[in-house]
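Hi,

Here is the structure I promised to pass on. Have a look at it first, and then read my notes below.

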Amino acid sequence: MNLLVRTERAGDEADIRALTAAAFADMPHSGGSEPAIIDGLRASGDLALSLVAASEAGEIVGHIAFSPVTIEGGEVGWFGLGPVSARPDLQGQGIGSRLIEAGIDEMRMRGARGIVLVGDPLYYARFGFVPDPRLAYPHPGGEFLQRLILSGEGTGGVVRYAPAFG
Ligand SMILES: CC(C)(COP(=O)(O)OP(=O)(O)OC[C@H]1O[C@@H](n2cnc3c(N)ncnc32)[C@H](O)[C@@H]1OP(=O)(O)O)[C@@H](O)C(=O)NCCC(=O)NCCS
């Protein structure tokens, strides 16, 4: 599929919301809060990077968000990856991978120290994400926290997402 990956622009908000709601609708681990989280990050200035994948026709078929995280007792310069969505009827065709790789490249270019996420290790290992016993995420699903170091030796501490994550 021919995809254009670009940063979100004014007017994309409703499409991103609808896409995210559709992508997470059938996910058992989701409470349906993902569209509101993205809106909340945007409102609070915590949407550090928001990329969309657009089809040739200009339709938004994928989206990924990055936001700053704090690592209590650890380094600054770390970001959280997610939510990430691909349109349900187009999943498994590389949209998610394109967005994740583009997002990682951009965060590296900006000088980020590393990226954390909570997700299925079977999927995210291919991008270099691994669990790290130095990092703690004391919340439901915390055992699925993984990290990707972008520079340095990594860090340890308690990971806190932006307030929009609730
Ligand atoms: C996760 C998601 C963004 C991946 O996008 P995608 O375009 O479908 O993924 P890609 O085509 O790049 O990669 C497909 C591969 O990922 C695997 N995969 C996709 N979602 C997965 C998941 N949640 N867990 C494990 N593997 C997954 C597929 O089995 C496929 O594996 P293969 O390459 O070995 O055949 C998309 O499936 C989605 O929107 N899911 C619903 C929302 C969601 O769960 N988001 C992530 C929350 S952590």
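Let's start with the pocket lining: strand S4 gives the most to the lining of the largest pocket, six residues. Before going further, note that this is a predicted model, where local features need pLDDT of at least 70, side-chain atom pairs count only at pLDDT 80 or more, and totals for chains, interfaces and linings use all residues. Residues are numbered from 1 along each chain as its sequence is written, and side-chain values use heavy atoms, with hydrogens and water left out.

Some terms: helices (H or I, at least four residues) and strands (E, at least two) are DSSP runs numbered from the N terminus. A pocket, on a 1 Å grid over the protein atoms alone, is an open set of points where a 1.4 Å probe fits, with protein on both sides within 12 Å along at least five of seven lines; lining residues have an atom within 4 Å of a point.

The largest pocket has a volume of about 1,300 Å³ (the space filled by probe spheres set on the points, which are joined across faces, edges and corners). It is lined by 39 residues, and the closest to its centre are Phe24, His29, Glu34, Val118 and Gly119.

What sits in the largest pocket? The ligand does, as more than half of its atoms lie within 2 Å of the grid points. Around the ligand are 20 residues (each with a heavy atom within 4 Å of it), and the closest are Ala86, Gly92, Gly94, Gly96 and Ser97.

Now the polar contacts (pairs of N or O atoms within 3.5 Å):
- A polar backbone atom of valine 84 is 2.9 Å from a nitrogen atom of the ligand.
- A backbone N or O atom of glycine 96 is 2.8 Å from a ligand oxygen atom.
- Tyrosine 123 has a polar side-chain atom 3.2 Å from an oxygen atom of the ligand.

One last thing to find in S4: proline 83 is in that strand, and a cis peptide bond joins glycine 82 to proline 83, with omega about -5°. For background, most peptide bonds are trans.

Cheers

How values were computed:
A polar contact is a pair of N or O atoms within 3.5 Å; within protein, one must be able to donate a hydrogen and the other to accept it, and residues adjacent in sequence count only if both atoms are side-chain atoms.
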